[in-house]
Amino acid sequence: MAVAAASCTVDVVRPDQLPAVERHMRGMLERELGGYDPALHADVDDLAGTYLDRPGHVLLVAVDAEGVLAGTASVRPGGPAPEHVPGWLAARYAAGTTGQVCRVWVDPGHRRGGVGRTLALAAIRHALAEGYDPVCLHTNASVPGALAFWRSVDEVVEVFDARPDDRWSSVHFEVDPGRVSP
């Protein structure tokens, strides 16, 4: 499944890459996302159990030419946790066919070179290939550049801006399969 972006290659994570992925994710959580919350980030505690050899789950990594982890993206079944979103949004994603693109996190030193977009599109294509319908995602709009990034991704449409009431500054998006090129 390897895909090239800028000077990075995107592929499904290998078990030997999990320690670097965990360091990357924990660093992103601490530096940019308000810190680790076990209720929201349990997958980071058990990357192997969450993503390896589990149908419907995938963890993608972008690795630069020097072998350094540049970013991640994942796909998991289900939508946002019902206790964190309005009832109408939880109902929209209650079907067993819903998939969610998550953890599209690019190391600051690798941004602005197409890594995030390549990871996002690889995750979206993987979710659609898995048969997920709908495919959703959300972003923390308080992270500089995050909202602008997702609004620039042609394959997604904004469905709900939870600000200012949402403590995570969440903005929710959904993939429009008709906009995704093969």
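A residue is called buried when its relative accessible area is under 20%, exposed when it is over 50%, and partly exposed in between (1.4 Å probe, protein chains only). By this scale C102, at 7% relative accessibility, counts as buried. The structure is a predicted model, in which local features need pLDDT of at least 70 and side-chain atom pairs count only at pLDDT 80 or more, whereas totals for chains, interfaces and linings use all residues. Residues are numbered from 1 along each chain as its sequence is written, and side-chain values use heavy atoms, with hydrogens and water left out.

The cysteines are taken up at this point. A disulfide is defined as a pair of cysteine sulfur atoms within 2.5 Å, and the structure holds zero disulfides. For C102, the nearest cysteine sulfur is that of C136, 7.7 Å away. C136 is likewise in no disulfide, and its nearest cysteine sulfur is that of C102. C136 is buried, with a relative accessibility of 1%.

The nonpolar interior was examined next. A nonpolar core is a set of buried Ala, Val, Leu, Ile, Met, Phe, Trp, Tyr and Cys residues joined through side-chain atoms within 4.5 Å. The largest such core has 31 residues, of which V101, L119, W150 and V156 touch the most other members. Helices (H or I, at least four residues) and strands (E, at least two) are DSSP runs, numbered from the N terminus. At least two core residues each are supplied by the strands β2 (8-12), β3 (58-64), β4 (69-77), β5 (99-106), β6 (135-140) and β8 (170-175), and by the helices α5 (115-129) and α6 (146-152). Helix α5 gives the largest share, eight residues. Another core, of 14 residues, lies apart from the largest one and includes V13, L18, M28 and V44.

Contact here means heavy atoms within 4.5 Å. When neighbours within four places in sequence are left aside, W150 is in contact with V104, A120, L137, T139, V156 and F173.

Which kinds of ring arrangement occur in the aromatic pairs? A pair of aromatic rings is described by the distance of the centres and the angle of the planes. Rings of Phe, Tyr and Trp (its six-membered ring) pair if their centres lie within 6.5 Å; planes under 30 degrees apart count as stacked, over 60 as edge-to-face and the rest as tilted. This rule gives two aromatic pairs. In one of them, the ring centres of W88 and F160 are 5.3 Å apart and the planes stand at 85°, so this pair is edge-to-face. W88 belongs to helix α4 (residues 87-92) and F160 to strand β7 (residues 156-161), so the pair ties together parts that are 72 residues apart in sequence. W88 is partly exposed, at a relative accessible area of 44%. F149 and W150 also form an edge-to-face pair, with 5.0 Å from centre to centre and 75° between the planes. F149 is partly exposed, at 22% relative accessibility.

A charge sits over a ring if NZ of Lys or CZ of Arg is within 6 Å of the ring centre and within 35 degrees of the ring normal. R26 lies over the face of Y36, 5.2 Å from the ring centre.

H110 is located in the loop between β5 and α5. With 18% relative accessibility, H110 counts as buried. A polar contact is a pair of N or O atoms within 3.5 Å; within protein, one must be able to donate a hydrogen and the other to accept it, and residues adjacent in sequence count only if both atoms are side-chain atoms. The side chains of H110 and D64 are joined by such a contact of 2.9 Å. Not counting residues up to four places away in sequence, H110 touches C8, D64, V68, L69, A70 and V115.

Some features of the backbone remain. A cis peptide bond joins D133 and P134, with omega about 5°; P134 lies in the loop between α5 and β6. Another cis peptide bond joins R163 and P164, with omega about 0°, and P164 is in the loop between β7 and β8. D53, which is not a glycine, has a positive phi near 50°. D53 is in the loop between α3 (47-51) and β3 and is exposed, at 82% relative accessibility. R103, also not a glycine, has a positive phi of about 55°. R103 is placed in strand β5 and is buried, with a relative accessible area of 11%.
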